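My notes are below the picture.

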Amino acid sequence: MTTNSNKKKLFIGGEWQEAKQYYDLLSPFSRKVIAQVPLAEKETVLKAIEHAEHGAKEMKKLTALERSNILERAAEIFEERLEECALTLAKENAKPLKAARGEIIRTIETYKFAAEEAKRIHGETIPMDAAKNGKGRFAYTKREPLGVIAAITPFNFPFNLVAHKLGPAFAAGNAVVLKPASQTPLSAFITAEIFEEAGLPKGALNVVTGKGSVVGDVLTTDPRIKMVTFTGSVEVGLGIKEKAGLKKVTLELGSNSAVIVDSVNDIDAVVSRCVEGSFAYAGQVCISIQRIYVHEDLYDEFIQKFVENTKQLKVGDPESESTDLSALIHIKEAERVEEWIEAARREGTEIAHGGTRTGAVLLPTIIKNAKSTQALSCQEAFAPIVSVNAYKTWNEAIDLVNDSLYGLQAGVYTTSMQKAFEAVERLEVGGVIVNDIPSFRVDQMPYGGVKNSGTGREGVKYSVEEMTELKLAVFAL
């Protein structure tokens with residue numbers, strides 16, 4: 001166990017191991033040291049892969065029921081440790097407690113979905129006699145685990161996004177070497193403790209913390225790794241794809257999600273959801289709303305209510321029960337977005353609310369009618385900032401949403417069924433959310449994007465498909 005010590009250990013081959021070097025983990029909000037985290041060396045990562053190979057063999061021996069039971073037990077332990085996990089999030093990534101508890105509840109649900117999915121992995125029979133030369137033959141397919149999977153995860157949802165990689169991997173009978181984000185290793189260590197207690201075979205989960213240039217490169221290039229599943233930046237994702245060779249690769253990358261407000265029955269409800277989607281966890285969500293396009297007939301009322309609603313948000317200590325948003329993950333991120341805001345201000349763009357920074361805390365910021373060429377419109381902000389623009393025609397709104405290098409999810413509010421179905425057809429994204437914000441996600445649905453938003457799909461069932469190989473058997477009768 002590692003929770004009683006400020007000095008953490010690597011989890012390799014079912015054992016907790018010390019490292020030669022450590023780094024201080026600082027709270028994004030208080031900047032106080034909250035833990036000493038091990039820096040894994042190349043040799044350590046290679047050792048983790050070796051143990052994972054053994055773990056993969058043990059996982060393959062387990063029945064579907066045994067894998068399901070382990071995942072069910074892990075979900076139960078997460079429920080028992082919910083408050084501890086939520087507080088860990090508040091400390092290591094400044095997620096407000098209210099949101100942190102929500103993440104742990106989703107994490108529990110994700111592992112339960114994985115437990116159910118472990119029992120549903122199957123193939124199909126093939127009608128061989130549909131072909132001229134297929135008469136007298138019987139064929140079926142089956143899904144087999146890949147072996148060892150490398151999971152590289154981000155800071156923003158360090159419990160649930162890890163669950164989206166571990167859950168389906170274990171359901172399918174794989175082993176995993178997990179490299180968590182440098183700012184959020186504590187959640188990964190707790191996850192390892194929980195699976196250790198849940199009865200996961202030794203070596204099936206290995207947690208190695210350290211520099212991406214060391215750990216990530218080894219995991220990406222080692223031939224024993226059969227798949228890399230990554231959530232993070234476009235730049236790192238492209239590097240992984242270039243280095244991975246013939247490995248399977250799933251990439252969940254960036255976005256600058258947009259929502260169209262075309263026609264509504266309840267503008268107050270729409271405004272409330274859009275505020276939530278724009279500023280939840282200080283905008284550090286892949287599907288956070290960054291662009292809102294409102295029909296000109298609704299614009300003035302919408303922007304007034306949007307600003308008023310945003311002013312009610314409480315900014316402060318993530319460990320406070322009343323806090324709605326807190327610090328960004330690092331002061332450099334807040335400074336970067338502050339520069340974007342100042343650049344927009346110099347161009348004459350109106351800042352309707354916010355736009356100021358104190359340390360790593362950026363006030364929720366609303367930009368009116370930002371230009372599509374400005375960084376805060378065309379790049380991924382990953383911060384509490386949103387532009388609210390007016391549009392005249394439906395076609396213009398569709399074109400504005402599609403004018404992006406990204407395409408993860410988009411939302412559209414409309415009372416027209418025709419426009420709703422047209423949005424589904426025309427919006428260049430992986431998911432269209434009708435009459436809700438693009439930030440909507442439940443953990444069993446397929447999730448992933450197009451363009452620079454990545455390749456492959458998450459969502460437990462869909463990840464299982466990515467994490468297995470289809471094998472064909474043909475019998476001559």
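What follows is what I looked up, entry by entry.

**Ground rules.** I'm working from a predicted model, where local features need pLDDT of at least 70, side-chain atom pairs count only at pLDDT 80 or more, and totals for chains, interfaces and linings use all residues. Residues are numbered from 1 along each chain as its sequence is written, and side-chain values use heavy atoms, with hydrogens and water left out.

**Cores.** I began with nonpolar cores, meaning sets of buried Ala, Val, Leu, Ile, Met, Phe, Trp, Tyr and Cys residues joined through side-chain atoms within 4.5 Å. I take buried as under 20% relative accessible area, exposed as over 50% and partly exposed as in between, with a 1.4 Å probe and protein chains only. The largest core holds 57 residues, and Y111, F170, F195 and L205 touch the most other members. Helix α6 (residues 185-198) is its biggest contributor, with eight residues. My helices (H or I, at least four residues) and strands (E, at least two) are DSSP runs, numbered from the N terminus.

I then listed the contacts (heavy atoms within 4.5 Å) of F170. Leaving out residues up to four places away in sequence, F170 touches M59, R67, L71, V176, F195, L200, A204 and L205. Apart from this core I found another, of 28 residues, with A52, V148, A175 and V234 among them.

**Pockets.** Next I looked for open space. On a 1 Å grid over the protein atoms alone, a pocket is an open set of points where a 1.4 Å probe fits, with protein on both sides within 12 Å along at least five of seven lines; lining residues have an atom within 4 Å of a point. Volume is the space filled by probe spheres set on the points, which are joined across faces, edges and corners.

The largest pocket comes out at about 1200 Å³. I count 43 lining residues there, and F155, F230, G232, S233 and V236 lie nearest the centre. β3 (21-26), α7 (212-221), β10 (225-231), α8 (234-243) and α11 (331-346) each give two or more residues to this lining, and the largest share, six residues, is from α8. By class I get 18 nonpolar, 15 polar and ten charged; here Ala, Val, Leu, Ile, Met, Phe, Trp, Tyr, Cys and Pro are nonpolar, Asp, Glu, Lys and Arg charged, and the others, Gly among them, polar.

The second largest pocket has about 790 Å³ and 34 lining residues, with F157, E276, A280, Y281 and V285 nearest its centre. α9 gives the most to that lining, six residues.

**Helix α3.** Just after the helix, A94 has a positive phi of about 60 degrees.

**Two loop residues.** T184 sits in the loop between β8 (175-179) and α6. I call T184 buried because its relative accessible area is 1%. Beyond four places in sequence, T184 touches E92, N93, P154, F155 and P158.

P223 is in the loop between α7 and β10, and counts as exposed at 62% relative accessibility. I also noted that the C-alpha atoms of P223 and V148, 75 residues apart along the chain, are separated by 10.0 Å.
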